[in-house]
Amino acid sequence: MEENYFVSKVEEFVKKQLYDEASGHDWWHIDRVRKNALRIGATENANIFIVELAALLHDLIDDKLSEDVKLQINDVERLLMKMEIDRKVVADVVDIIQIISFRKKTPVHHLSLEAKVVQDADRLDAIGAIGIARTFTYAGSKGNLIYHPNNKEGTDAISHFYDKLLKLKDLMNTKTGKLLAEERHQFLQVFLDQFYRECNEVK
Ligand code: ADP
Ligand code: NI
């Protein structure tokens, strides 16, 4: 089927571009987001072709990417147009990538169903055991500490739990996303409880 062909072409491109990206946006993050997006998209009756393309491409223009792999939105648009993917699909995919990468506070009611699905899938990968792993990897890549008991600037990895991770459960857009976030959110709390318990043991 033509759609499968486009997906495999885009996959090949993204894999090459982000394979060993070191700030938490490597190929395996993209692959997990794609799989979760397909799972959420199927139960929410979203357009699966748009969901899969947007999930594969969602981090290519992110400011956190290293400059040698980061693309501009026009590059992504050109790539899709060159493959002769339907114009309307390209426009929808480009919109989703911009919403997600620029972290614009787009009101939820302005998001397409497909944007909601991909954003939920991306947020799921920021919580639970994987989210914890990505947080410490990101902090390490920036030279930040694991934990500073009274770090006023909040640049240590544990502060990021309060700045972002613990808030994500309530920001999920879809019913399926909310359901999947629940267990991962609980795991964040279990992790923090144990983390502080161990810190207090060595007072
Ligand atoms: P996403 O792939 O969801 O767009 P981001 O680009 O925001 O993720 O960040 C990549 C990963 O690094 C995420 O897991 C995120 O929670 C984590 N992260 C982002 N900022 C920080 C920070 N200041 N300290 C620790 N981890 C961070
Ligand atoms: Ni992402």
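**Exercise 1.** Is the crossing of H2 and H3 left-handed or right-handed? Work out how these two helices pack, too.

*Solution.* Keep in mind that this is a predicted model.

Step 1. Two packed helices are described by the angle between their axes and the distance between the axes.

Step 2. Grab those two values: H2 (residues 27-43) and H3 (residues 48-57) have their axes 8 Å apart, and they pack at an angle of about 160°.

Step 3. Angles over 145 degrees count as roughly antiparallel, so H2 is roughly antiparallel to H3.

Step 4. Now the handedness: H2 and H3 cross in a right-handed way.

Step 5. Who makes the contact? On the H2 side you'll find Ile 30, Val 33, Arg 34, Ala 37, Leu 38, Gly 41 and Ala 42. H3 brings Ile 48, Val 51, Glu 52, Ala 55 and Leu 56.

Step 6. Sort those contact residues by type, and you get 9 nonpolar, 1 polar and 2 charged.

**Exercise 2.** Describe the shell around ligand 1, starting with its nearest residues.

*Solution.*

Step 1. There are 15 residues around ligand 1, and Gly 24, Arg 134, Thr 135, Tyr 138 and His 160 come nearest.

Step 2. Next, look for helices: H7 (128-141) and H8 (157-168) each supply at least two residues of the shell. H7 gives the largest share, with 5 residues.

Step 3. Zoom out to the domains. Domain 1 (1-107) and domain 2 (126-203) each provide at least three residues of the shell around ligand 1.

Step 4. Finish by sorting the shell residues into types: 4 are nonpolar, 5 polar and 6 charged.

Methods. Residues are numbered from 1 along each chain as its sequence is written. Chains are lettered from A and ligands numbered from 1 in the order in which they are written. This is a predicted model: local features need pLDDT of at least 70, side-chain atom pairs count only at pLDDT 80 or more; totals for chains, interfaces and linings use all residues. Axes are lines fitted to C-alpha atoms, for helices over the stretch in contact, and angles run from 0 to 180 degrees between N-to-C directions. Helices (H or I, at least four residues) and strands (E, at least two) are DSSP runs, numbered from the N terminus. Angles under 35 degrees count as roughly parallel, over 145 as roughly antiparallel, 65 to 115 as roughly perpendicular and the rest as oblique. A crossing is left-handed if the near helix is turned anticlockwise from the far one by less than a right angle, and right-handed if clockwise. Two residues are in contact if their C-beta atoms, placed from the backbone, lie within 7 Å. Ala, Val, Leu, Ile, Met, Phe, Trp, Tyr, Cys and Pro count as nonpolar, Asp, Glu, Lys and Arg as charged, and the others, Gly among them, as polar. A residue is near a molecule or strand if its C-beta atom, placed from the backbone, lies within 6 Å of it. Domain bounds come from an automatic or database domain assignment.
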